[in-house]
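The entries stand in the order in which I made them.

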Amino acid sequence: MTSVSYMKGEQSIFASRVTRNASRKTMAYKDLREFILKLEKNKELIRIKTEVSPVLEITEIADRISKEHGPALLFENLKGYKFPLLINAFGSYKRMAMALEVNHMDEIAKRIKEIMKPHIPEGFFGKLQMLPKLKEISDSIPKIVSHAPCQEIVLKDGPMLDSIPVLKCWPDDGGPFITLPLVFTKDRETGQRNCGMYRMQVYDRVTCGMHWHIHKDGRRHYLKYEKSGKPMEVAVALGGDPAVIYAATAPLPPDIDEMMFAGFLRKKPVELVRCKTVDIEVPAQSEFILEGEIVPGEVRIEGPFGDHTGFYSPADKYPVMHIKCITHRKHAIYPATIVGKPPMEDCYMAKATERIFLPMLQMILPEIADMNLPIEGVFHNCAIISIKKTYPAQGKKIINALWGMGQMMNTKFIIIVEDDTDVQNINEVTWRAFNNVDPKRDFVFSEGPLDVLDHSASWPLFGNKLGIDATRKGPQEGMQRPWPEEIKMSKEIKELVDKKWKDYFVMRDP
Ligand SMILES: Cc1cc2nc3c(=O)[nH]c(=O)nc-3n(C[C@H](O)[C@H](O)[C@H](O)COP(=O)(O)O)c2cc1C
Ligand SMILES: [Mn+2]
């Protein structure tokens with residue numbers, strides 16, 4: 001395939017299978033199918049009818065398409081399986097914005113900022129002004145329904161996981177992996193729901209691994225079951241409204257319901273239905289639901305897995321999920337992704353998180369102006385932050401604060417610049433960092449928790465960190481000399497040159 005062949009847009013590729021009106025604008029997507037129709041209508045999705053294998057072949061296709069910034073792919077003809085497979089649906093800035101129905105992620109950041117502003121309404125009009133805000137909150141609360149498309153078909157024996165085209169992603173992977181699962185668990189003491197995206201290795205038709213990392217909410221719930229010795233019920237949803245899928249990846253604080261957050265994102269409550277065999281509610285519009293339990297203390301080797309760092313993460317012991325029941329929609333579509341050397345699909349989900357979560361950081365650290373988590377740093381390895389600096393050592397304060405904050409605690413490198421630097425412009429950031437930094441004075445070395453995927457540290461999960469304060473330094477920070485002025489041309493000369501610009505370059509006879 002050449003780099004542009006998929007863009008030629010033969011009409012037949014996009015031949016409409018649209019059965020519903022896909023032109024509606026700001027209403028939340030009901031399910032994955034509505035998102036697929038929208039992508040297709042916008043020439044952001046290609047249906048592939050050639051027979052393909054879920055063993056490595058789809059990875060190679062999706063990887064090439066990712067590196068070419070190509071479209072979402074719907075494989076309709078999988079060797080040995082009847083279900084189609086969707087991949088790369090979130091794999092660009094544009095599709096990620098389409099998934100959350102915004103033009104830019106900053107629109108969501110703005111809504112979050114608005115909600116977090118403390119407001120005490122005064123009088124009748126003040127209360128009226130509050131109404132839209134209250135509506136945002138009531139829209140967010142999930143709604144329980146009694147009938148759901150995701151339960152149209154119920155499987156309890158016969159074909160189970162073996163009927164789903166789970167991908168073997170990379171040659172040295174320990175097996176096939178479910179890569180876009182929404183894992184639902186409950187806190188056994190408070191009943192609080194959690195939904196996290198944790199990959200699941202498929203061992204056989206009813207058994208898979210549960211790869212929640214040590215710092216995640218799913219594992220926090222699991223530890224309480226382990227202590228009690230009671231089996232832990234788990235339900236896994238595959239597919240659904242893209243806002244629901246994204247919410248499972250969002251680094252929300254513990255005990256904040258991802259389904260409520262999804263309701264906020266889509267401006268409409270998420271519909272949940274109780275599972276058939278476990279006491280857990282799952283999104284009613286999902287494509288598949290896996291129901292089962294984890295026996296406390298049981299572990300099994302999980303991995304290796306070609307991971308989003310671009311390296312294999314090593315095999316390790318993780319809990320095991322025993323599946324008792326699978327339900328699915330008629331003509332279900334299996335959603336998948338592959339991770340590997342960036343850029344891949346998950347990079348755009350993480351870039352959305354960078355934008356959406358900036359206001360939450362700013363609430364605690366108001367001097368933060370902007371943040372860039374460069375794709376090559378695979379999110380836990382590098383954060384570039386700009387600040388409005390008003391006192392000595394404020395750069396170092398931010399470095400230390402971030403190392404204590406939610407999933408930011410795993411960040412290995414933090415670079416701080418001032419707010420006249422565009423953190424999204426890596427050339428500008430490196431120019432400041434290379435020129436502004438005295439290593440002995442401006443480096444902060446520390447140690448602490450690291451992401452389990454960090455392979456550079458001498459031990460798993462723990463290692464060294466570096467903060468680089470690339471802000472301007474004053475005498476109170478040990479600087480013995482005045483900080484130099486940055487070169488800037490005068491306004492008058494700029495205007496003069498602007499005015500004469502065309503004239504300089506008019507071709508004249510020599
Ligand atoms: C495609 C994809 C795969 C992921 N796989 C895992 C995983 O296997 N284990 C894990 O702990 N986190 C994984 N994550 C990150 C979590 O989904 C993310 O940290 C989320 O906030 C976890 O939810 P929690 O805070 O409720 O635990 C993955 C994210 C994406 C986008
Ligand atoms: Mn959570």
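The entries below cover conventions, domains, backbone geometry and charged side chains.

**Entry 1: conventions**

I note that this is a predicted model, in which local features need pLDDT of at least 70 and side-chain atom pairs count only at pLDDT 80 or more, while totals for chains, interfaces and linings use all residues. Residues are numbered from 1 along each chain as its sequence is written, chains are lettered from A and ligands numbered from 1 in the order in which they are written, and side-chain values use heavy atoms, with hydrogens and water left out.

**Entry 2: domains**

I looked up how the chain is divided and found domain 1 (13-113), domain 2 (127-335) and domain 3 (365-477). These bounds come from an automatic or database domain assignment. I then turned to domain 2 and domain 3, whose C-alpha centres lie 33 Å apart.

For contact I used heavy atoms within 4.5 Å. By that rule, eleven residues of domain 2 touch twelve residues of domain 3.

The size of an interface is often given as the accessible area lost when the parts come together. I took buried area as the accessible area (1.4 Å probe) that two parts lose on being put together, summed over both. Between domain 2 and domain 3 this area is about 970 Å², and carbon and sulfur atoms give 72% of it. H215, H308 and T309 supply 47% of what domain 2 buries against domain 3, more than any other three residues.

I also sorted the side of domain 2 that touches domain 3 by class: it has four nonpolar, five polar and two charged residues. Here Ala, Val, Leu, Ile, Met, Phe, Trp, Tyr, Cys and Pro count as nonpolar, Asp, Glu, Lys and Arg as charged, and the others, Gly among them, as polar.

How many salt bridges are there between domain 2 and domain 3? I found zero, a salt bridge being a side-chain nitrogen of Lys or Arg within 4 Å of a carboxyl oxygen of Asp or Glu.

**Entry 3: backbone geometry**

I located helices (H or I, at least four residues) and strands (E, at least two) as DSSP runs, numbered from the N terminus. The peptide bond from G303 to P304 is cis, with omega near -5°. P304 sits in the loop between strand 14 (288-302) and strand 15 (305-306). A cis peptide bond also joins P342 and P343, with omega about 0°. P343 belongs to the loop between strand 18 (334-336) and helix 9 (345-364).

I next noted positive phi values in residues other than glycine. For K43, phi is near 55°, and the residue lies in the loop between helix 1 (32-41) and strand 1 (45-48). For L461, phi is near 75°, and its place is the loop between strand 22 (443-449) and strand 23 (462-469).

For exposure I called a residue buried under 20% relative accessible area, exposed over 50% and partly exposed in between (1.4 Å probe, protein chains only). K43, at 48%, is therefore partly exposed, and so is L461, at 25%.

**Entry 4: K473**

Is K473 buried or exposed? K473 is buried, because its relative accessibility is 4%. This lysine lies in the loop between strand 23 and helix 13 (491-504).

A polar contact is a pair of N or O atoms within 3.5 Å; within protein, one must be able to donate a hydrogen and the other to accept it, and residues adjacent in sequence count only if both atoms are side-chain atoms. The side chain of K473 makes one with the side chain of D442 (3.3 Å). A polar atom of the K473 side chain also lies 2.5 Å from the backbone oxygen of T471.

**Entry 5: salt bridges**

I searched the whole structure and found 42 salt bridges. In one, E287 pairs with R33, the closest N and O atoms being 2.9 Å apart. E287 is in the loop between strand 13 (281-283) and strand 14, and R33 is in helix 1, so the pair ties together parts 254 residues apart in sequence. Both E287 and R33 are buried.

K186 and E281 meet in a salt bridge at 3.4 Å, N to O. K186 is in strand 7 (residues 182-186) and E281 in strand 13, 95 residues apart. K186 and E281 also belong to a network of salt bridges that includes R193, D257, R274 and D279.

Lastly, E354 forms a salt bridge with K351, the closest N and O atoms being 2.6 Å apart. The two are three residues apart in helix 9, so about one helical turn separates them. E354 is buried at 2%, and K351 is buried at 9%.
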